[in-house]
Amino acid sequence: GWLSGRYRRDLAGPPAGSRVDTDPDADGWPEAWDLYANDRTWDVIDTVVEVAKQTGRTPAQVALRWLMQRPGVTAPIVGARTLEQLTDNLGAATGEPLSEEHMARLTAVSDRPLPYPYGLLRRFARRG
């Protein structure tokens, strides 16, 4: 949902009818607005939307296509609730792959620091 293009930086809260709630304890659903509505999330969404505009795809297609092209990802999970969403998501499997530039931008903006000691080990790992 967050990478579908539905949520934008200028929103004060989740759209009506959204599964995202402003109360993290509502119905036991962990995807609360306040947990995700932060600069990191908005930076990722802004980049996905920008790449979508540049490639003629929807934001959901860009997010899925990015995953499909990542090494080690065997099957991105599609969470479509409607036939329209499913049809849109399946569009990620067609057309040109994302360019190396787009892949690099999406990977960089979504990268998270590794927890200790993995980040430290990466810094000191020998480069071959």
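This is a predicted model: local features need pLDDT of at least 70, side-chain atom pairs count only at pLDDT 80 or more; totals for chains, interfaces and linings use all residues.
Start with the overall layout. The chain has six helices and zero strands, so reading from the N terminus gives α-α-α-α-α-α, where helices are DSSP runs of H or I with at least four residues, strands are E runs of at least two, and numbering goes from the N terminus. Of the 128 residues, 27% count as buried (under 20% relative accessible area; exposed is over 50% and partly exposed in between, using a 1.4 Å probe and protein chains only). As for contacts, meaning heavy atoms within 4.5 Å, residues 24 or more positions apart make up 59% of those with a separation of 6 or more.

Now back to α2, residues 39-55, and its partner α5, residues 100-110: their axes come within 9 Å and cross at roughly 170°. Axes here are lines fitted to C-alpha atoms, for helices over the stretch in contact, with angles from 0 to 180 degrees between N-to-C directions. The two helices are therefore roughly antiparallel; the cut-offs are under 35 degrees for roughly parallel, over 145 for roughly antiparallel, 65 to 115 for roughly perpendicular, and oblique for the rest. On the α2 side the contact includes Arg40, Asp43, Val44 and Thr47, while α5 brings His102, Arg105, Leu106, Val109 and Ser110. By class, the residues of this contact split into five nonpolar, five polar and four charged (Ala, Val, Leu, Ile, Met, Phe, Trp, Tyr, Cys and Pro are nonpolar, Asp, Glu, Lys and Arg charged, and the others, Gly among them, polar).

Thr47 itself counts as buried because its relative accessibility is 13%. Leaving aside neighbours within four places in sequence, Thr47 is in contact with Arg105, Leu106 and Val109. Another threonine of α2, Thr41, is also buried, at 13% relative accessibility. Thr41 touches Trp2 and Tyr36, not counting residues up to four places away in sequence.

Val62, Trp66 and Gln69 in α3 meet Met103, Leu106, Thr107 and Ser110 in α5, a contact with four nonpolar, three polar and no charged residues.

Then there is the largest pocket, with a volume of about 1000 Å³. A pocket is an open set of points on a 1 Å grid over the protein atoms alone, where a 1.4 Å probe fits, with protein on both sides within 12 Å along at least five of seven lines; lining residues have an atom within 4 Å of a point. Grid points are joined across faces, edges and corners, and the volume is the space filled by probe spheres set on them. Of its 33 lining residues, Gly1, Trp2, Leu3, Ser4 and Arg19 are the closest to the centre. The largest share of the lining, six residues, comes from α3, and the lining as a whole divides into 17 nonpolar, eight polar and eight charged.

Finally, check the loop between α5 and α6 (118-124), where Pro117 lies. The peptide bond from Tyr116 to Pro117 is cis, with omega near 5°.

How values were computed: Residues are numbered from 1 along each chain as its sequence is written. Side-chain values use heavy atoms; hydrogens and water are left out.
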